[in-house]
Amino acid sequence: TGGYRDGSRAAVVGGAVEALERAAQGPGPVTLELAERETAGLVSPRSGESSDQRLTRLLLRGPEGPIAQLVVFSAHPTLVARRTQALSPDFVGPFLAELEKEGGVALFLQGAAGNATVSDASGGPEGFAGRLAATCRETGLSPLGEEVRLGYARVSVSLPRPDSSRAVPGLFRAVGDNFLCGSASHRAELSALQLGPVKLISVPGEVTRAAASPLEERGRASRAVSLVNGYLGYVEAPGLVTSGAGESRRQYFGSGLLESFARGAELAGAHLE
């Protein structure tokens, strides 16, 4: 996105404030609808034996139609060429545009996308967006009744020492560790959001499928969500980090990172019980 520019920051902040103000001016009754399924053929594992194939869709419907919807899916948005000269939403932009034809606004969240890649890149971002939107439409939404619980909790956890052993040659290990120790965060924020029967545990990193399972189990959550409240690199299963397999070469911290996040997920999830 280039260097810092006052105008760019003002545009982002101004847009966020305007959206919140408009939402606060028009509250009204809504119902919640849910669609969940295991997809097939849309994504494949970049590493490991399996990737997250689940699709979760929540829709808020008002008296005159859809007001907002949230979709959780796992797929790296890397279909746009690296050398493009413009900032692009990749497949997410056209996908949300398709959903918003039904009315309201839509939000896309990455699930355990750390090792999930698009299986069929034909047609580029628009092609995959169309296939994902079609899958959403094929998955029937079920109303969840009039009384729907809304809950939110967040916790701060300490992080293990940064570890550059998988990212730099052994000769430069000390330099790499010193750089990471000086620049990396010492704490991270996790959050839990509950919408009816769906509980989402959000992590400030790219979670793989192997790492998502203990996060969801410990947090008693439906899905682990990546890339929320910051970015701390990849989150891989400890055994794979120790052996240098999977996505561990992209993990900035040692094998204890997942356990730190799992403890946070457990605490955040318990607040919503």
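This is a predicted model: local features need pLDDT of at least 70, side-chain atom pairs count only at pLDDT 80 or more; totals for chains, interfaces and linings use all residues.
Visitor: Which residue stands opposite Ser 142 in strand 7?

Guide: The residue facing Ser 142 of strand 7 is Leu 34. Strand 1, which covers residues 31-38, runs antiparallel to strand 7, and two bridges join them.

Visitor: What is the order of the strands in the open sheet?

Guide: The five strands of this open sheet follow the order 5-4-3-1-7, and their pairing is mixed. At the edges are strand 5 (105-110) and strand 7 (142-143), each of which pairs on one side only. Helix 2, made of residues 92-99, packs on the sheet, where it touches strand 3 (54-62), strand 4 (65-73) and strand 5, and its direction makes about 140° with that of strand 5.

Visitor: How many salt bridges does a search of the whole structure find?

Guide: The general idea is that side chains of opposite charge can pair when their charged atoms come close. In this model, a search of the whole structure finds 16 salt bridges. One of them is formed by Glu 98 and Arg 137, whose closest N and O atoms are 2.7 Å apart. This pair links distant parts of the chain, since Glu 98 belongs to helix 2 and Arg 137 to helix 3 (residues 124-138), 39 residues apart.

Visitor: Which parts of the chain does the salt bridge between Lys 199 and Glu 273 tie together?

Guide: The closest N and O atoms of Lys 199 and Glu 273 are 2.9 Å apart. Lys 199 lies in strand 10 (residues 198-202) and Glu 273 in the segment after helix 7 (257-270), so the pair ties together parts that are 74 residues apart in sequence. Lys 199 counts as buried, at 5% relative accessibility, whereas Glu 273 is exposed, with a relative accessible area of 53%.

Conventions. Residues are numbered from 1 along each chain as its sequence is written. Side-chain values use heavy atoms; hydrogens and water are left out. Two strands pair if DSSP finds at least two bridges between them. Helices (H or I, at least four residues) and strands (E, at least two) are DSSP runs, numbered from the N terminus. Contact means heavy atoms within 4.5 Å. Axes are lines fitted to C-alpha atoms, for helices over the stretch in contact, and angles run from 0 to 180 degrees between N-to-C directions. A salt bridge is a side-chain nitrogen of Lys or Arg within 4 Å of a carboxyl oxygen of Asp or Glu. Buried means under 20% relative accessible area, exposed over 50%, partly exposed in between (1.4 Å probe, protein chains only).
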